[in-house]
Amino acid sequence: MEKRHPEVTILGAGIIGICCALTLIERGFRVRIIDRIPPGEATSHGNAGVISPFSVVPQCTPGVWKNVPAWLLDPKGPVKVRWRDLPEVIPWVLRFLSNTKPDRVSEISTTMALLMRDNVDTFRRYLKGTGHEDLIVDSMNVTVFRGAERPNPRDLQFRLRQEIGCEIEFIDADDL
């Protein structure tokens, strides 16, 4: 008797949902995807199409807490908390801050690297035969820093990337 895989329902037709669906289909599952908007129109639409195995620097880096007051006071900042929600938010904030210790950041980065390691090859495999193989283009990532001070190559963000094989080159404005 043939083993039948159950049907899996995925909520969200963004890049994560679609890739989960494709992986499950490859493994023999029947898949249904549900989303309130067309595929790729939410978060996936706004990420500029970046697929990077070197995105391994977690948000919870040491010293990030110093930014929180300014973020909370900035109406266009990245953090919004309604005062009435503070009792529910505080436990999450404390867990987040407990992950800012250097050894914990390193563990999180290592896990992120494992999750990202094969992502470019996987996307290429999913695109093979679709006529859209040209959507994956190997390119360089350029990060621009303002001001005269040169970034320190020993900073955490650079070390975490170098540990997984990312080549980093610092150039000045003229070379750029």
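User: Which pattern does the protein follow, read along the sequence?
Analyst: This is a predicted model, in which local features need pLDDT of at least 70, side-chain atom pairs count only at pLDDT 80 or more, and totals for chains, interfaces and linings use all residues. Residues are numbered from 1 along each chain as its sequence is written, and side-chain values use heavy atoms, with hydrogens and water left out. Helices (H or I, at least four residues) and strands (E, at least two) are DSSP runs, numbered from the N terminus. There are 7 helices and 2 strands, and their order is β-α-β-α-α-α-α-α-α.

User: Why is the protein described as more spread out than a compact globule?
Analyst: The radius of gyration is taken over C-alpha atoms, and the globule rule is 2.2 Å times the number of residues to the power 0.38. For 176 residues the rule gives 16 Å, so the protein is more spread out than a compact globule, with a radius of gyration of 20 Å.

User: What percentage of the residues count as buried?
Analyst: Buried means under 20% relative accessible area, with a 1.4 Å probe and protein chains only. Of the 176 residues, the buried share is 15%.

User: Which residues does L127 contact, leaving aside neighbours within four places in sequence?
Analyst: Contact means heavy atoms within 4.5 Å. L127 also belongs to the largest nonpolar core. Its contacts are H132, E133, L135 and I136.

Methods. Core = buried A, V, L, I, M, F, W, Y, C linked by side-chain atoms within 4.5 Å. Buried < 20%, exposed > 50% of the residue type's maximum accessible area, 1.4 Å probe, protein only.
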